[in-house]
Amino acid sequence: VQLQASGGGLVQPGGSLRLSCAASKRTFSNNAVGWFRQAPGKEREFVAAISWNGGITTYADSVKGRFTISRDNAKNTVYLQMSILKFEDTAVYYCAANRRSVPASNEYIYWGQGTLVTVSS
């Protein structure tokens, strides 16, 4: 599976952005998918994850209530809707497909190349 993250850009604090993660070469409709981010000088951190059918979603505490993960298996795409963006959300965002159908830590085996989100006034 090859993953392509897109949708990043420059946004003002309080604004919104939607990231997309599209799979190619084969479907990832049977895999859980997660979003991660890495800010400059910091380690990569978990943001959100969704099970194969969207029935289970999990979020980092720092984004709970502001970000929403969803998926459209017919389009082979997972989304991350980000709202009420803060300066500290600035990072490169990566999507990854899990080996399993439900989110499982340390089981992400396919990674996209990342898309940069910059929150700045």
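Which two residues form a disulfide here, and how far apart are their sulfur atoms? Before I answer, please keep in mind that what we are looking at is a predicted model. The pair is C21 and C95, with the sulfur atoms 2.2 Å apart, and the count of disulfides comes to 1. The link of C21 and C95 is right-handed, with 75° about the S-S bond. Since C21 sits in strand β3 and C95 in strand β9, the pair ties together parts that are 74 residues apart in sequence.

Let me turn to the fold as a whole. The protein has 11 strands and 0 helices, and the radius of gyration is 13 Å, close to the 14 Å that the globule rule gives for 121 residues, so the protein is as compact as a globular protein of that length. Along its principal axes, the C-alpha trace spans about 40 × 25 × 25 Å. If we take contacts between residues at least 6 apart in sequence, 57% of them join residues at least 24 apart.

Now to the interior, where buried residues make up 45% of the 121 residues. The largest nonpolar core has 29 residues, and within that core W35, L80, M82 and Y93 touch the most other members. Several strands each supply at least two residues of this core, including β3 (17-24), β4 (33-38), β8 (77-82) and β9 (91-98). In soluble globular proteins, nonpolar side chains tend to be buried together.

Key:
Residues numbered from 1 in each chain as written. Predicted model: local features only at pLDDT ≥ 70, side-chain atom pairs only at ≥ 80, totals over all residues. Heavy atoms only, no water. Core = buried A, V, L, I, M, F, W, Y, C linked by side-chain atoms within 4.5 Å. Buried < 20%, exposed > 50% of the residue type's maximum accessible area, 1.4 Å probe, protein only. Helix = DSSP H or I, 4+ residues; strand = E, 2+ residues; numbered from the N terminus. Disulfide = S-S within 2.5 Å. Rg over C-alpha atoms; globule rule 2.2 N^0.38 Å. Contact = heavy atoms within 4.5 Å.
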